[in-house]
Amino acid sequence: MLRYIYAEDLHNYPLLRDTMFRDRALQFQERLGWEVSVDEQGFETDQYDDVDLNPLYVIWERADGRHGGSMRFLPTTGRTMVNEHFLHVTDGTEIRSGLIWECTRFCLAPDADANVAGALMLAGGELMDRFALRHFVGVFDARMIRIYSRIGAKPTVLGTIGEGRDAISVGLWEFSAEAKELVAKRAGLNLGLSDHWFRQSFDLYQPRLAAIA
């Protein structure tokens, strides 16, 4: 199932949290060879996981409570990776808008089911609909193009550096109703179930959001 969890609440899901950060280490450090920070527990985290920024995680939770795949979201009106570390890819153009969120750390568990990537992208469509967003922005490497194409969610590329397998790009995603249906179909999920998972997660936040309002 899909869960939507803010950083300040990850402590309520210790197994899901710990296996997510360990799977991130396996993917980004061991498989991809990125220069990332891994602590003594085997967790890969960075400054954008800070609870003060309070990113929103979308996590595929397996039946045993462990991590199957995940993404991390932050509004571009605040601190983001694309604006602080990848301006050279966009020729110095910052991406800041209340209608755009940044998506980073797209991670799949080593033995994730084939539908998990599509389920995560479908969750992105849910966030767009419910938060009245128009786009997501993210940084991705060349290997992800095949995955995005397979699940029906190719981005508009804003800039690229490098060539071949070493290429790094910044892209924008948008989801029409038709695109959302296509992603759901390819993920083997129906939109009613996706809606249920979203409501199940965000019903927990309604009292807090009402108090803020």
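Me: In what sense do β3 and β4 pair, and over how many bridges?

Reply: Strand β3 (residues 67-75) pairs with β4 in the antiparallel sense, over six bridges; two strands count as paired if DSSP finds at least two bridges between them, and strands (E, at least two residues) and helices (H or I, at least four) are DSSP runs numbered from the N terminus. This is a predicted model, in which local features need pLDDT of at least 70 and side-chain atom pairs count only at pLDDT 80 or more, while totals for chains, interfaces and linings use all residues. Residues are numbered from 1 along each chain as its sequence is written, and side-chain values use heavy atoms, with hydrogens and water left out.

Me: Which residues are bridge partners there?

Reply: Proline 75 has tryptophan 101 of β4 as its bridge partner, and phenylalanine 73 has cysteine 103 of β4.

Me: And how do β4 and β5 run, parallel or antiparallel?

Reply: β4 and strand β5 (residues 135-141) run parallel and are joined by three bridges, with valine 137 in β5 as the bridge partner of glutamate 102. Together with α3, these two strands make a right-handed β-α-β unit, where right-handed means that, with the strands pointing away from the viewer, the path from the first strand over the helix to the second runs clockwise.

Me: What's the strand order in the sheet?

Reply: Seven strands form an open sheet in the order β1-β2-β3-β4-β5-β7-β6, with mixed pairing. The edge strands, each pairing on one side only, are β1 (2-6) and β6 (156-161), and the twist averages 25° from one strand to the next.

Me: Which strands does α4 lie across?

Reply: Helix α4 (residues 143-151) lies across β4, β5 and β7 (168-173), and runs at about 135° to β5; axes here are lines fitted to C-alpha atoms, for helices over the stretch in contact, and angles run from 0 to 180 degrees between N-to-C directions. Helix α6 (residues 191-202) also packs on the sheet, where it touches β1 and β2 (56-61), and its direction makes about 30° with that of β1.

Me: Why call β4 largely enclosed?

Reply: Because nine of the nine residues of β4 (residues 100-108) are buried, the strand is largely enclosed by the rest of the structure. Buried means under 20% relative accessible area, exposed over 50%, and partly exposed in between, with a 1.4 Å probe and protein chains only.

Me: Switching to arginine 105, what does its side chain pair with?

Reply: Arginine 105, which lies in β4 and is buried at a relative accessible area of 11%, has a side-chain polar contact of 3.3 Å with aspartate 46. A polar contact is a pair of N or O atoms within 3.5 Å; within protein, one must be able to donate a hydrogen and the other to accept it, and residues adjacent in sequence count only if both atoms are side-chain atoms.

Me: What about its phi?

Reply: Arginine 105 has a positive phi of about 50° although it is not a glycine. Aspartate 91, in the loop between α2 (81-85) and β4, also has a positive phi, near 55°, but aspartate 91 is exposed, with a relative accessible area of 73%.

Me: Last topic: how many residues has the largest nonpolar core?

Reply: The largest nonpolar core has 39 residues, such a core being a set of buried Ala, Val, Leu, Ile, Met, Phe, Trp, Tyr and Cys residues joined through side-chain atoms within 4.5 Å. Helix α3 (residues 116-130) gives the most to this core, with nine residues.

How values were computed. Contact = heavy atoms within 4.5 Å.
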